[in-house]
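Please open the model in your viewer and keep the sequence panel beside it. The tour below moves from the whole chain to a few selections, and at each stop it says what to select and what is there.

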Amino acid sequence: MVDIQLALADRNLYLAENGNIKMVSTAQCPLDISAHRGDFRFPESSTSAIVEALKDNYNSVEIDVMQLKDGTWVNHHDSQTGRATVYYTGERHKIKQMSRQQYANLKLRLKESNALIDIRPITAYEAFSAFAGYRRSANQKLNVEIKSDANGHDLAELDHMLRSTIGLGGYYYSAADLDILEKLRGINPTVYLGFVQGAHPSSVEKLRGDLRKATQNDRFYQDNQNHLELAGKYGTKRYRSRYKNYASTSGLNTIIKRIGRNSGLHLDIRSYVQNPSVLISARSNGMKVYTYSINGTDYHQSKLKNLPRTKLPDGVIVDSTPYQICQKLFNSAQPSGRYQPVSLTGQYIAALPADADFDRFNEMLGYQQEGYYISLNDGLKAIANRSTSSQPVQSSTKQQAPLSNPHQFPTIVDEQLETNVSNTIIITLPNSKNDR
């Protein structure tokens, strides 16, 4: 285990207690990596989603807050129950019409299986307290996205909770409503405010097309239908306006006029790519630019990867690990060569190419003896120092000598098969009359 940890540390990685591979430091990634709704591997609106994101060295953790019927702030993303949270009777409820007791009767879903677990979603105060308790450094911040059309008094109460739990400088706000952000600026003159511009129309149409191929009970549909609800919310008080692009000079000036220069524009990645001058314009005005996507993590990352480093946004809001972003954009987990491992697993770690997917490390260990690995982009591949690295394994009826390589990976060859004709075997397949 010591040898494995040292081999990982040589790549700026380590094996955590929960079995995940994490980055020792994200300092090599000049990008604010924000965990969308907390760590994407854990249930939304849970303490674990926030805590695990902090442990995984995300620069910031994004959560959504909205109000119950009595004005209580809670950590919840959707406007109604049914997807990430379920009422104990199975009935759907609108969050803004629920009482505190009803909210306490909600159950969370597991991300992978959608199975219900006996854990309730947390309130905003509980979310803030969890962040404050597990925050690893002063550089980690909480991104609080406002989902309710709240009045000034309720927003002041929210800001007071954040000041008393996390403290000034430890959090910032984002919202798709400039009116909400303008109220917050009057309450907190120094906090950063991020205006979330609605998704690009092409991104919305792409999502609609994907959802048409899914079914009501399909997990993809359940996970993404809410994006269509949010797609029309383009930053006006009652969400009735059409798509408006704020990535222009006049659009940025409008934001500055409403909420000041300590602000930013959070853009769909498609809008960002189609407005290449927005980053320079924003920075010249002291503003930041973040990107997100409603078309999936892979699409978001592929667009970022195609950008020159100087054109990357200030931050990204993602459903992936800091390792994936840092490695794909900055190759930040390259071995330094300062440690020479002695165990077979340690040598395997040292031999893995830069595109190895350490998020699937345990799965990848299954291919250790054959000298293969799981790529971040291309699935299963052979390690490059083998002469067959870029070629598929060829079938052969002859036993081949192992290829020469420093890690002693064996060559995979087909076993010899007996091809002589034998007695006929009759197999009867089940049918509707004989379903045994």
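Begin with everything selected: of the 436 residues of the protein, 48% count as buried, where buried means under 20% relative accessible area, exposed means over 50% and partly exposed lies in between, with a 1.4 Å probe and protein chains only. This is a predicted model, in which local features need pLDDT of at least 70 and side-chain atom pairs count only at pLDDT 80 or more, while totals for chains, interfaces and linings use all residues. Residues are numbered from 1 along each chain as its sequence is written, and side-chain values use heavy atoms, with hydrogens and water left out.

Switch to a cartoon view, and you can look for 15 helices and 16 strands; helices (H or I, at least four residues) and strands (E, at least two) are DSSP runs, numbered from the N terminus.

Next, select residues 85-87, 106-109 and 116-117, which are β6, β7 and β8. These three strands form an open, antiparallel sheet in the order β6-β7-β8, and two strands are said to pair if DSSP finds at least two bridges between them. β6 and β8 stand at the edges with a single partner strand each, so one side of each is left without a neighbour in the sheet. Between β6 and β7 there are three bridges, and if you label Val86 you will find Lys107 of β7 opposite.

Now show the side chains of Cys29 and Cys326, which form a disulfide with their sulfur atoms 2.0 Å apart; the term stands for a pair of cysteine sulfur atoms within 2.5 Å. A search of the whole structure finds one disulfide. Cys29 lies in the loop between β2 (21-23) and β3 (32-36), whereas Cys326 lies in helix α13 (residues 322-330), so the pair ties together parts that are 297 residues apart in sequence. Cys29 counts as buried at 6% relative accessibility, and Cys326 counts as buried at 0%.

Finally, select helix α12, residues 297-305: which of its residues are buried? They are His300, Gln301 and Leu304. Seen down the axis of α12, these buried residues fall within an arc of 90 degrees, so they line one face of the helix; the arc is that of the directions from the helix axis to the C-beta atoms.
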